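Please read the following account alongside the sequence and the model.

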Amino acid sequence: MTAQTQSAAEYALELRGIDKHFGAVHANKNIDLKVEKGTIHGIVGENGAGKSTLMSIIYGFYEADQGDIAIDGRVLKIKDSKTAIASGIGMVHQHFMLIQNFTALENVVLGAESGELIDESLDKARAELNRLSEEFGLSVPLDQPVEELSVGFQQRIEILKALYRGARILILDEPTGVLTPQETEHLFKVLDSLKAQGTTVILITHKLREILAATDNVSVMRRGEMVAHVKTAETNQEDLAELMVGRKVLLQVDKGDSAPGDVKLSVHNLSMTDSAGVKRLDNVSLNVRAGEIVGIAGVSGNGQSELLETLAGITPVDSGSIDLNGHTLDARHPMNPSQVRKAGIGHIPEDRHRMGLINTFSAYEAFVLGYHRNHEYNGALTMKQAAIIADCKEKMERWDVRPQDPYLKTANFSGGNQQKLVIAREIEQNPDVLLIGQPTRGVDIGAIESIHKRILEMRDAGKAILLVSVELDEIRSLSDRILVMFDGTIVGEVPADKADERTLGLMMANIVPDEIKALQAEEPA
Amino acid sequence: MSQHRIPAWITVGVIPLANVAMAALAAALVFWYLNINPLEALQAMVYGAFGSSYGWGYTLYYMTSYIFTGLAVAVVFQAGMFNIGGEGQAYIGALGVGLVCLGLGGHVPLFVLLPISIIAAFVFGGLWALIPAWLQAKRGSHIVITTIMFNFIAASMMNYILINFLKPSGTMSVESAVFDPSSWIPKMHEALALIGISIDRSPLNLSMFWALFVAFAVWFFLWRTRWGYEVRAMGSNASGAQYGGISIPKTVIMIMIIGGGLAGFMALNVVQGEAHQIKLNLVNQMGFTGIAVALMGRNHPFGIVIASLLFGFLTQGGSELQFEYSVDARIVVVLQGLVILFSGALQNMMKHPIERLYLRLSSNRKKTSEELAAEA
Amino acid sequence: MDAFNSIILILDATLRNATPLIFAALAGMFSERAGIVNIALEGKILISAFAGASAAYYTGSPWMGLLAGMMASVMFAQLHAFATVTHNGDHVVSGLAINILAAGLTAAVGNYWFSQGGNTPNLVSRADELNARFEPIVFPFAEALADVPIIGGIYSELLSGHYILVYLAFLAVPLCWFVLFRTRFGLRLRATGENPQAVDTAGISVTKVRYLALLVCGLLAGFAGVYLAVALTAQFSPNMSAGKGYMALAALIFGKWRPKTTMLACLLFGALQAIADRSQGAIILGFEVPVQLVEALPYILTVVLLGGFIGRAVAPKAIGKPYVKERA
């Protein structure tokens, strides 16, 4: 009995033996976790380690197969989000849970109305929100539709939503993925002031730097298991990384010097406005030479995706021009993705599920996507199925795609093998220029190393490579030159040896340090 | 994403059968309420549909129409869209067939006229699908709603054309003149009589063979040609298809024209094969039934042939009930509705329990090394 | 004066024609605003018309007819919810199933009950001393003012003398607006149609909201069906909805899913129907427009709107997508 009262005093949240299966996938294995009251507790782990599933269980979005959840020492059955909210749990999801055409005020009130009619709810909420935003530095325009607000504001609305519901435990799932380093800093200040007021914060991330910067305690997850609980002050990046992946990892890739040749891809003053009228690319110019990797760094959503898709012929060019391996692509000379491929450009898309693969297709069908009109795969009327399958088998073997079954549906391969499938398809066509987006997203650590190795091999074989990634480590370890994008423009260029995190972070927030300015003044682009 | 692979015999065998069984059960309740013994009714239906060459003739005649309207839905569905416009497309296809037969009938022999009327059925039906297709491809208008609207527009337009242009003067009923007999597609009983086989008179005509051929051709198109590859890629993942250099607007327009054309083929059976004139309302909900057929046939041409036979049986067997038990002929519509409800709208109701049952049974067995490899 | 009279007559018919469209379109608004595509309005109208006429015939009371009609329509709407919400069935397929089922059941059961080829007996019959039809409501002094120029036409002919359901339809418009835009239920319903996952994480049951939305949808569609069978014609006949459910859907889209504009669309479509019914065509700018074109105009206009040629109709974002909790 005394133990119970003691834990009630100490722990805001306690998990005992949480277990969750999704079909055959064991997402959470017998998880124990204790979160001290009034602390910021980090949970780190790779993509797919089971962090989000665990948090969704605490928030009542999924029900655990087994195990107990105790809030303030009392064991509770959290069967839906409503119970979680009533128990004082608030959550800021990775993908914001906002109604885009509602105002901030309506979003906060939704589900926490004070009566049958909404006007009184809105009035009451307005007063309370003004108080909260003043107290924690969370001011937002309350009466504008959310869709018109920046990502930073939207995240504040999410935090306000939780606070308005009286959250004493606030869970944030990968909150910084869409923020600049400076916005991130502000967020951490907000979290600190919440902590000072007695709120318990759980911060989920895969970014070790943030864990060290913001938390008091940290728990590490790996493959559905909780593998360590440590005090933040007593650990460091290397130790955490090792715990996360289960063995020593080389954060730096060995690579030799590049030997750049002719310019294979050049972009001149490229601009692009999307269907909603937002300028996505603004006067972008860049060159990529044969035998070099040019990395594009930036917070996601600053035009990198649009740049890649425009170069690949998926999005049409508004103004400016592109020289693709000797072919001109501009508003007057549009090229579609298959013409771009014919010009010797390979494209590994950022999101293989959205673009690179067709989930219902068998591996052999997926292996010719984009090349399915090539004459070696086609007869007069029919596709040469036998030839395609033989070709697929050969490539699967060369790239060690497992299982080596050309008939297996692409959806049934693991993430790493799916990515290998896409990379193999594009590289095997032997393009002169490779456009690569997020090559290791959702890929396990073993596959990451081999993918990085392949990319460097392509560079050394004289290919011109443009690499877009939101993982700064990836950009820094692979690129020969780094361009930073912000709000559709190229903020500046940094040679790989000068690209430390601080410099890149500032540039990602559109602040160019003086020494970089000086560099650019020396050699005009 | 499915973590466990459910074998095909469950997905395309057990689950559809369970759905039909549920529909049959519900139908039995309706029959029981209408004071008809369900088992006797089933017997009467089977006898009415398959008990004589006359019954077979009608069943296969309906099957022929359903193959066309079912394929019209299915090909478009393979591209990830819903074509609810079969009703109107078939109606306009009938205009094409009718104009060819009225214009050329008696002037050219059937072997010259038939290819032209086949093309006309396809072109007229296809063009009627073109506007919704274009609006979807270029302006993003939802094709479900526009094709519904186009069914009504087709009905009004055909009404106008029939009254003002095709109705022979001096007649009261709104229908065109009867085509010259030389333009008629031969009836099955006539054709078989030529080779000495005698069957009962029925509306069944040689367009049935065209339907079976078209079903095969659709399969070939979808699974053996690069155009079919592009259609299926788009249906499964439109942005993936776009990444693969497939033009979405072109594919939308192409597949809708094909879908509309397939619906138009229905007129060969109903107009050139049977009615021999353009009548008001000749499609008579068969375009809508095509949706049910496509659903039951899982949007696969071979499945559609089987589902068409089932719906042909329902239609013919059901109308037999009318004579057997003074029940309203529209009992057939109830049966169709129940099949759509249980095989379509409620298909997951049986799917999940059956899959769970299978997984429970199979997890008792040891995992084979093959399965383990697939998970790695 | 003749022109004035015929305009009054057309406007009068417009109100009559628009009434079922308004009820049905509002019904569709509740379901579509909650994210459920509703091509099943047709079936819901039909089943309520049948149930309404049957109950009115057996009880002799139009109000009992209304009650029965609403119950039948609600049952079908809940079946719709069972398919689309509980079992994540395709919304279009579910809607079709309901329409086809309603068309078949009303005819088959109707024939079994009354043996009149699927019709119900007439609800007004001297022989049976039956009058189970709604009575028109005559405004005070309507008769006295009938012969006064202008005012008589407007007051006595156009405004007075409609069935109570006609007035209720127009009252329902502001009421539905209030419910959708000023109450907690409406807030939650609209949110569900935009982003059900956000609603779920806000601690609200998406399932409950959608079932309730379809319940209201069923109630309103019930008014539409009962109006057709128990007020307008005093008899049910098979397929008497004759595409009104689809036209209401068109009006809902044409009205951009908002109550007032949807009502205006219903009035426009009702007026077109009135014009088509009155003449064998209309002369517009010296051209003779065939009556079939006038009839098809609501659908053509909706297609033109959907094509983005006159404004833009933006549907609720989550419409037509079953809400499945995604595996993180």
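**Interfaces, helices and local details**

This is a predicted model, in which local features need pLDDT of at least 70 and side-chain atom pairs count only at pLDDT 80 or more, while totals for chains, interfaces and linings use all residues. Residues are numbered from 1 along each chain as its sequence is written, chains are lettered from A and ligands numbered from 1 in the order in which they are written, and side-chain values use heavy atoms, with hydrogens and water left out.

The size of an interface is often given as the accessible area lost when the parts come together. Between chain B and chain C the buried area is about 3700 Å², and carbon and sulfur atoms give 77% of it (buried area is the accessible area, with a 1.4 Å probe, that two parts lose on being put together, summed over both). Of the area that chain B buries against chain C, Arg139(B), Met149(B) and Phe152(B) supply 15%, more than any other three residues. The count of salt bridges between these two chains is zero (a salt bridge is a side-chain nitrogen of Lys or Arg within 4 Å of a carboxyl oxygen of Asp or Glu).

Chain C also meets chain A, with 25 residues of chain C in contact with 31 residues of chain A. Here about 2400 Å² is buried, of which carbon and sulfur atoms give 60%, and three salt bridges are found across the interface. Arg188(C) forms a salt bridge with Glu113(A), their closest N and O atoms being 2.7 Å apart.

Over all chains the structure holds 33 salt bridges. Within chain A, the side chains of Arg126(A) and Asp143(A) form a salt bridge at 3.0 Å, N to O. Arg126(A) lies in helix H5 (residues 118-136) of chain A and Asp143(A) in the loop between H5 and helix H6 (151-164), so this pair ties together parts that are 17 residues apart in sequence.

By class, the contact of H4(B) with H6(B) has 12 nonpolar, five polar and one charged residues. Among the residues of H4(B) that meet H6(B) are Tyr91(B), Ile92(B) and Leu95(B).

H4(B) also packs with helix H11 (residues 248-275) of chain B, their axes coming within 7 Å and crossing at roughly 55°, which makes H4(B) oblique to H11(B). This contact has 10 nonpolar, seven polar and no charged residues, and the residues of H4(B) that take part include Gly93(B), Ala94(B) and Val97(B).

Two details of the backbone remain. A cis peptide bond, with omega about -5°, joins Arg402(A) and Pro403(A), and Pro403(A) is placed in the loop between helix H14 (385-398) and helix H15 (415-428) of chain A. In chain B, phi of Asn35(B) is near 65°, a positive value in a residue other than glycine, and Asn35(B) is found in the loop between helix H1 (8-33) and helix H2 (38-50).

Terms used. Contact = heavy atoms within 4.5 Å. Helix = DSSP H or I, 4+ residues; strand = E, 2+ residues; numbered from the N terminus. Nonpolar A, V, L, I, M, F, W, Y, C, P; charged D, E, K, R; others polar. Axes fitted to C-alpha atoms, helices over the stretch in contact; angles between N-to-C directions. Parallel < 35°, antiparallel > 145°, perpendicular 65-115°, else oblique.
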